[in-house]
Amino acid sequence: NGKGIEDTKLKKIVSQMLSDNAPKDCIGLFNVHKRIQLMCGDEYGLTVASEWFEGTEVTMKIAVKDLEA
């Protein structure tokens, strides 16, 4: 729910989240995304999708390890 994120701001957030240097804002998304990649690999992490006046969705892709091994 919520009003979503305007397209220009969303592009900035995603760009900062995917950068190699910690941004001044959206540091939480950056940190979580990088930690997931460090633990699981570069193909894992966060994605952010938003539609103005519809809402925002953050998806987390992580690796599941076999607990029986």
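**View 1. Helix H2 has the length its residue count calls for.** The expected span here is 1.5 Å times one less than the number of residues. Helices are DSSP runs of H or I with at least four residues, strands are runs of E with at least two, and both are numbered from the N terminus. A word on what you're looking at: this is a predicted model, in which local features need pLDDT of at least 70 and side-chain atom pairs count only at pLDDT 80 or more, while totals for chains, interfaces and linings use all residues. Residues are numbered from 1 along each chain as its sequence is written, and side-chain values use heavy atoms, with hydrogens and water left out.

**View 2. H2 has a buried side and a face turned away from it.** Phe30, His33, Ile36 and Gln37 are the buried residues to look for in H2. They sit on the same side of the helix, because they cover an arc of only 135° around the axis (the arc is taken from the directions running from the helix axis to the C-beta atoms). Buried means under 20% relative accessible area, exposed means over 50%, and partly exposed is in between, with a 1.4 Å probe and protein chains only. What do the buried residues of H2 pack against? They pack against helix H1 (7–18), E1 and E2; contact means heavy atoms within 4.5 Å. On the face turned away, you'll find the exposed residues Arg35, Leu38 and Met39.

**View 3. Gln16 is a buried residue of helix H1.** Its relative accessible area is 18%. Setting aside residues up to four places away in sequence, Gln16 touches Asn21, Pro23, Asp25, Cys26 and Phe30. Phe30 also turns up among the buried residues of H2.

**View 4. Two salt bridges are found in the structure.** Side chains of opposite charge can pair when their charged atoms come close. To count as a salt bridge, a side-chain nitrogen of Lys or Arg must be within 4 Å of a carboxyl oxygen of Asp or Glu. One of them joins Asp25 and Lys12, at 3.9 Å from N to O. Asp25 lies in the loop between H1 and H2 and Lys12 in helix H1, so this pair ties together parts 13 residues apart in sequence. Asp25 is partly exposed at 37%, and Lys12 is partly exposed too, at 45%. The other joins Asp7 and Lys11, at 3.3 Å from N to O. Both of these residues lie in H1, four residues apart, or about one turn of the helix. Asp7 is partly exposed at 47%, whereas Lys11 is exposed at 55%.

**View 5. Strands E1 and E2 form a hairpin.** E1 (residues 45–51) and E2 (residues 55–61) pair in the antiparallel sense over seven bridges; for strands to pair, DSSP must find at least two bridges between them. Glu51 has Gly55 in E2 as its bridge partner. Three residues lie between the strands, and in this hairpin Phe53 takes a positive phi near 65°.

**View 6. Asn1 lies in the segment before H1.** Is this residue buried or exposed? Asn1 is exposed, with a relative accessible area of 91%. Neighbours within four places in sequence aside, Asn1 is in contact with Gly55 and Thr56. Ser19 is 18 residues from Asn1 in sequence, and their C-alpha atoms are 27 Å apart.
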